[in-house]
Amino acid sequence: MGQTYLGVLFEEGTYPHLAIKDKVDPSITGVPRYDEAIKYYKLAVEQGFPEACYRLAMMQLEGRGTKPDIRSAVKNLQIAAQHQNIKAIYQLAVMQSSGR
């Protein structure tokens with residue numbers, strides 16, 4: 001769960017308390033660090049956290065911090081949906097209705 005939360009902080013750019021540890025300019029806030037977000041989401045996915053699966057899938061789908069990868073995104077959305085993540089279920093339905 002902690003890795004998912006760290007991923008969210010880096011994805012949204014709300015990590016000023018982590019900036020000093022990471023040697024990033026602590027005066028900079030609101031700057032997403034997608035590479036770090038992906039790293040922490042992948043760790044959380046390995047531990048089976050559905051929210052991390054959903055968030056990683058959306059980054060893969062939208063190409064944030066990585067090249068767009070629909071196959072990996074769908075795989076992660078399906079894992080999250082199997083754990084009753086409503087956002088993943090909805091996203092899969094939207095993708096299916098649009099023919100993706």
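**Figure 1. The aromatic pair of the predicted model.** In this predicted model, the count of aromatic pairs comes to one. The pair is formed by phenylalanine 10 and tyrosine 40, whose rings are stacked, with 5.8 Å from centre to centre and 5° between the planes. Phenylalanine 10 belongs to helix α1 and tyrosine 40 to helix α3, so the pair ties together parts that lie 30 residues apart in sequence. Both phenylalanine 10 and tyrosine 40 are buried.

**Figure 2. The crossing of helices α1 and α3.** Helix α1 spans residues 2-12 and helix α3 spans residues 34-46; their axes come within 8 Å and cross at roughly 165°. Because angles over 145 degrees count as roughly antiparallel, α1 is roughly antiparallel to α3. The crossing of the two helices is left-handed. On the α1 side, the contact is made by Gln3, Thr4, Leu6, Gly7, Val8, Phe10 and Glu11. Helix α3 contributes Tyr34, Glu36, Ala37, Tyr40, Tyr41, Leu43 and Ala44. Of the residues in this contact, nine are nonpolar, three polar and two charged.

**Figure 3. Proline 32 and its surroundings.** Proline 32 is located in the loop between α2 (16-19) and α3. With a relative accessibility of 33%, proline 32 counts as partly exposed. When neighbours within four places in sequence are left aside, proline 32 is in contact with Phe10, Glu11 and Gly13. The C-alpha atom of proline 32 is separated by 8.8 Å from that of tyrosine 15, a residue 17 residues apart from proline 32 along the chain.

Notes:
Residues are numbered from 1 along each chain as its sequence is written. This is a predicted model: local features need pLDDT of at least 70, side-chain atom pairs count only at pLDDT 80 or more; totals for chains, interfaces and linings use all residues. Side-chain values use heavy atoms; hydrogens and water are left out. Axes are lines fitted to C-alpha atoms, for helices over the stretch in contact, and angles run from 0 to 180 degrees between N-to-C directions. Helices (H or I, at least four residues) and strands (E, at least two) are DSSP runs, numbered from the N terminus. Angles under 35 degrees count as roughly parallel, over 145 as roughly antiparallel, 65 to 115 as roughly perpendicular and the rest as oblique. A crossing is left-handed if the near helix is turned anticlockwise from the far one by less than a right angle, and right-handed if clockwise. Contact means heavy atoms within 4.5 Å. Ala, Val, Leu, Ile, Met, Phe, Trp, Tyr, Cys and Pro count as nonpolar, Asp, Glu, Lys and Arg as charged, and the others, Gly among them, as polar. Buried means under 20% relative accessible area, exposed over 50%, partly exposed in between (1.4 Å probe, protein chains only). Rings of Phe, Tyr and Trp (its six-membered ring) pair if their centres lie within 6.5 Å; planes under 30 degrees apart count as stacked, over 60 as edge-to-face and the rest as tilted.
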